[in-house]
2 protein chains.
Amino acid sequence: MWKPDRQSKQPLFQQIADDLERRISYGEFPPGSLLPSERKLAEQLGVNRSTVIMAFAELRSLGIIESQIGSGTRVSKYKWGVTPKHTPNWHRYAEGGSFLPNVPFLRRIREALGQRPSLIDFASGELAANLSPIDEITTLMNENQYTAYLGYDNPQGYVPLRQTLVSYLRQYRGIQTTESSILITSGSQQSLYLITQCLLSPGDAVAIEDPSYCYSLPMFQSAGLQLFRLPVDCKGIRPDDIRSLYKKHRIKMVFINPNFQNPTGTVLDSERRIQLLNVASELGLPIVEDDPFSLTAYDGTPPLPLKSMDPIGSILYIGSFSKIAASGLRIGWMIAPHSVVERLADARQQMDFGLSVFPQQVAGQFLKSPFFDPHLERLRMQLLFKRDVLIEALQRELPGLVEFTVPQGGLHLWCKLVPEIHDGKLLEEAIRRGVVFVPGSVYGSDSGFVRFTFARPDTEEIVSGISKFAEALRSIIN
Amino acid sequence: MWKPDRQSKQPLFQQIADDLERRISYGEFPPGSLLPSERKLAEQLGVNRSTVIMAFAELRSLGIIESQIGSGTRVSKYKWGVTPKHTPNWHRYAEGGSFLPNVPFLRRIREALGQRPSLIDFASGELAANLSPIDEITTLMNENQYTAYLGYDNPQGYVPLRQTLVSYLRQYRGIQTTESSILITSGSQQSLYLITQCLLSPGDAVAIEDPSYCYSLPMFQSAGLQLFRLPVDCKGIRPDDIRSLYKKHRIKMVFINPNFQNPTGTVLDSERRIQLLNVASELGLPIVEDDPFSLTAYDGTPPLPLKSMDPIGSILYIGSFSKIAASGLRIGWMIAPHSVVERLADARQQMDFGLSVFPQQVAGQFLKSPFFDPHLERLRMQLLFKRDVLIEALQRELPGLVEFTVPQGGLHLWCKLVPEIHDGKLLEEAIRRGVVFVPGSVYGSDSGFVRFTFARPDTEEIVSGISKFAEALRSIIN
């Protein structure tokens, strides 16, 4: 992102006006389109709002832009030709389409992080750079040749990675499968997208944990699905709830994250697992099991997935490299019956023609390398340490004001705030003080819950982040 | 893919039966699901059909599978539990959903290539391994560190790659743009997918070249769009046709591939370019310009894109690394106004959470390296050479039976067959003889056209492939 040069002799406002004129003339902002607001541009460029106001005045005097009170600042239409030519109404196209935008809180968080990379980030559900196996992967890349083939990949994904996953899934997840039952995807996100787009139809009813990260994904609504809730208590969902939802709404599929559930951290009770599988087989109901966090179990004994006890094939299993190693490789996998894998691989070809081979080669090498086990061990210890730093900070800064159950794995701490607060107000106060988190309502819960991801910030950031968060919270309850 | 071991003492049919039993027990074929046909399995495993029949008989005698005349062979339901448990009806889920499968001819070609990798491939629209810059990229990867960051990428794509593309687009394509107007995508395929899914709504009318590779993409129908045709003659489309389509059907967008059009190889005439831009600005109509082939211009002077003469921003420009360097990196780019890029980046986050950083780093390094120009030069010379080998082979093998215009760039030769033939019959005869091509009807033309991609097979394969194709053609006209 371009920033004005404070050493230059040219005034800041003039630099900004010149840059905007260039961006307008290159089509980033076509004739008739809306410019970002003065406030937003000032934040992006790190200048006072008055400087942006002067830059806008300069462009207005040249006839390049026009401002109207209440409708913002637009690129002038008539500057660009003798006859009144028409640029497409891009804004209307961008607003159209049946695909819904991300939820507002998440867009706000992304915007804030984009503008101020120094924000302490309890929001992004990913590992810190120093928890990712960067050195190990660099070593593997230096030892191996990754460029033998640069053509399109197999529609189901790179065959050697699928072969590695067959062993990985048996050894680490207790799952027996075949390489032709595996589809490599761009993380769990793409697995879920393919399932909601290709196996379900508009109007279909599905059941989802409450709360659940699924509520943060507008893809369920974009696909026209009706969502029904399965409340999560300290032992996870109650399988009987599925039976009654099925009777009332003929639900077509159940989405569940049984191990260290996102956001609550809950592990589904073992008795309920058996009940759940019985309900599924009784109703012939498919269950989508998302299993990204299991290997982070802090005590080193990851709970097994439902899929490992699924004799009749009720379960579509989703796994990922993102939360145990590196989200930036964009490697996930799905295990499904032959007919489903074929269908989804065909659809994915139409969407993006499959994944790049490189990251698949790298992920496969890492999973079968001697680096993997020590990496997991280190990851678990550091996550446990960070969890405890976070909990201590919360107890110190907000005694009596937050409640939570201590998670035994995963990247998140789910907190209930004791005072009644307004989610959006708290988020804005926190951003103002330099920290972001995800309000619980993003996950479908009532106002007054918060998800803190402790995997991304370092321990010092956790301490100062919670201190800033505490200030923000106190500022709105007083 | 598992194959039976011909050295083993165990009979082939027994090995196959054991493997199928394993795949069934692991859930690849759940209870009640359909097994592949005897013919298909025999092809996949490289054995006689009678061997598969024996393997099926063995499994049937164990009660693992059941055959019914006319409805194929299914996995038995009652083998798997005392009570009649229900596995989900996966087949119905796989058939459901509003997302359409790939067109049958393309699925048939993919299946044939999957089963017999030795087929001579005039169908896949990609470069041969020896036309890709494998050595150059290996050198760059050894010189550079690619693993500094393994977290999620910027939603619009890796910033340094976008910066490199700003220079690349100015230098090679005459396009002035800004890094914030660029969205990195998983090839042109994902750009088109995002546009059809997110900027258009079901029922919207769009105009597409006739013939066009767009007809091979069911995503237009999956998005519920109405397609109207713009016939391509030797100078490309006639812009006046757009005006009349707009009057009749209120078309919302035009899709066009003006340089070395896929499949015809046509270059849009320069006068028509001006007319086209005038029509677009008169109607306020957005044009999607796909520009994957320009840099392959055999004479070394690539035609400029429409986007380079688009002052008012009517054009969404799509480019790609696939046809000029390596499809396997899955790197494409779109240039669009700010509001459109923001919207599509947000939607893409929901679909796959963005691309892996690695291939973006590699592609960016290569585009700005001193290797790029010599690579392009070599690519052009070799494509020209292969084009001529193909044309000579066609003239020698099928004099008077094929007609074509000689393309000046691109990867494809578009042929009209003089005798009247049945597309599907010709394809099957060709596959039987060891060669695949794409029937013209896949691109929306009448029966009797063929697209040969000469970039993938080597020159010897081109010669023997056309000889096999000629045999296939003669076998059905006699």
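Colleague: How many Å separate the centres of domain 1 and domain 3 of chain A?

Modeller: The centres, taken over C-alpha atoms, are 45 Å apart. Chain A is divided into domain 1 (12-95), domain 2 (104-130 + 374-477) and domain 3 (147-369), with bounds from an automatic or database domain assignment. This is a predicted model, where local features need pLDDT of at least 70, side-chain atom pairs count only at pLDDT 80 or more, and totals for chains, interfaces and linings use all residues. Residues are numbered from 1 along each chain as its sequence is written, chains are lettered from A and ligands numbered from 1 in the order in which they are written, and side-chain values use heavy atoms, leaving out hydrogens and water.

Colleague: What rotation superposes chain A on chain B?

Modeller: Two copies of a chain are related by a rotation about an axis and a shift along it. Here the rotation is 180° with 0.0 Å of shift along the axis (RMSD 0.0 Å), by least squares on the C-alpha atoms of residues with pLDDT of at least 70 in both copies. That is the relation of a two-fold axis.

Colleague: And the sheet: which strands stand at its edges?

Modeller: Strands of a sheet pair through backbone hydrogen bonds, either parallel or antiparallel. In chain A, 7 strands form an open sheet of mixed pairing, ordered β4-β10-β9-β8-β7-β5-β6; strands are DSSP runs (E, at least two residues), numbered from the N terminus, and two strands pair if DSSP finds at least two bridges between them. The edges are β4 (182-185) and β6 (226-231) of chain A, each with a single partner strand, so one side of each lacks a neighbour in the sheet. β4(A) runs antiparallel to β10 (residues 332-335) of chain A, joined by 4 bridges, and A:Ile184 stands opposite A:Trp333 in β10(A).
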